[in-house]
Amino acid sequence: MLEAQGPSYQDFGRISMLTGLPAVVGWDYHVKQRGNSEAEIESRKRAVETMYSTPDVARAEALLKRYRVGYVYVGWLERKTYPPAGLHKFKANPDFELVYENPEAQVYRFAGGPSQEVLLPTTEDLPEAAQAAAQPQDEPEEPPSILEKPAEVRPPFDGLREPRGMAVDERGRIWIADFGHSRLRVYDPDGGFLGGWGGKGSGKFGFRELCGVAIRGESLAVADTWNGRILAFSTAGVPHAMATELYGPRGVAIAPDGRVWASDTGNHRVVVYDAELQSPHFIGRKGTGWDEFSSPVGIAASPNGPVYVADTVNRRIQILNGDGTFRGHFAFPGWGENVEPQLAVAEDGTIYATDPSGAAVVALEPTAGRVVQRWTVDEAGRKFENPTGIGLDPKRRILYVINAGNSSVSKLPLPERRSTP
């Protein structure tokens, strides 16, 4: 059967999992673990996107026959992931027979497919409670609450679950995208809990598995990953602006001029907005060429102009000018598929990058990408475990690193700046 395809460990693959019916492609990370080639996995992912997205019936049917699709599922996730024009063809074309529907979903039988069974058309009226349960359930959203100092003694950086990105503000407070709890957490420099806000939802203070956070001055931006949006707040938690219609954005940065940069990971591109999250400019497309990306994640705006992007599947860092044009790129010694590295840039231009699969943190020279230093343990001698987020405190000369593998935060002291004679 055909159902929406997307990143592993999310809602994608839900129908095949619950019914046992084979899908065109499942969670790509698991499919890869079972020995299937990356080329075949990518081919099938592109085919699923085309079958749902294209309004060209003949093109879709050729792929449906190729992958022996008997049934097409169209539910809330398919409507969220693919364009209405593409989904409309299933309803409008006689080659697709509606065999089941309820207020939330429709199942179509592809008449030209290889299915041996024919389901009689059925319409089901769901109770209101069941209709509500069909959608992901939201939580009560917690409004912003940030203390001046911790109210209680807790272990450093306590309460995180699968954290991703992070940022450090001018007061040395550490802001963390708590992916597993769908909350933005705030800690003091020693890891004392100060508060934050959030909860799984799509309202004013809600997030759905956020991955990125950026701060410049009193401006704060969040990559609200599975709500497909970028949110702007003040560091006091006052909502400022919102940009939507992204696909799984994982990285965000605020440039010195106030513009907001985001890695639109699922669309394989970068987007730059003005300070009000207006006037979007889309940069790049999927591919391996000079001006292309493949699953960009981390993004960082340097103090002196260039913007750096972790082009993960292409295993390189792309360098953009402030106007969004491509300046160049250099290879990164790591990365690949299914990793979520983040970047930070120091005032002297040094780039700091996490290498999740290599369990390391790397310092790079900013123009040619020469590796200056590589760490595999933190200041306490503990090994990094799937390091993702990274944040620089330039005043205290501390590099903070998120270990998504064990939901902890590590510190790396940096050498003092050399004085100029």
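Which residues lie nearest the centre of the largest pocket? I found Pro7, Asp28, Arg250, Ser295 and Asn338 there, among 47 lining residues.

Before going on, I noted that this is a predicted model, where local features need pLDDT of at least 70 and side-chain atom pairs count only at pLDDT 80 or more, while totals for chains, interfaces and linings use all residues. Residues are numbered from 1 along each chain as its sequence is written, and side-chain values use heavy atoms, with hydrogens and water left out.

My note on terms: on a 1 Å grid over the protein atoms alone, a pocket is an open set of points where a 1.4 Å probe fits, with protein on both sides within 12 Å along at least five of seven lines, and lining residues have an atom within 4 Å of a point.

Entry one, the largest pocket. I looked up its lining and got 14 nonpolar, 20 polar and 13 charged residues. Helix H3 (38-53) gives the largest share, six residues; helices here are DSSP runs (H or I) of at least four residues, and strands (E) of at least two.

I read off 31 lining residues, with Val168, Ile215, Arg216, Val345 and Leu392 nearest the centre. Strand E10 (212-216) is one of the elements giving two or more residues to this lining, and its five residues are the largest share. The lining splits into 20 nonpolar, five polar and six charged residues.

I saw E2 (96-101) and E3 (106-110) pair antiparallel over five bridges; pairing takes at least two DSSP bridges. Tyr100 has Val107 as its bridge partner in E3.

Methods
Ala, Val, Leu, Ile, Met, Phe, Trp, Tyr, Cys and Pro count as nonpolar, Asp, Glu, Lys and Arg as charged, and the others, Gly among them, as polar.
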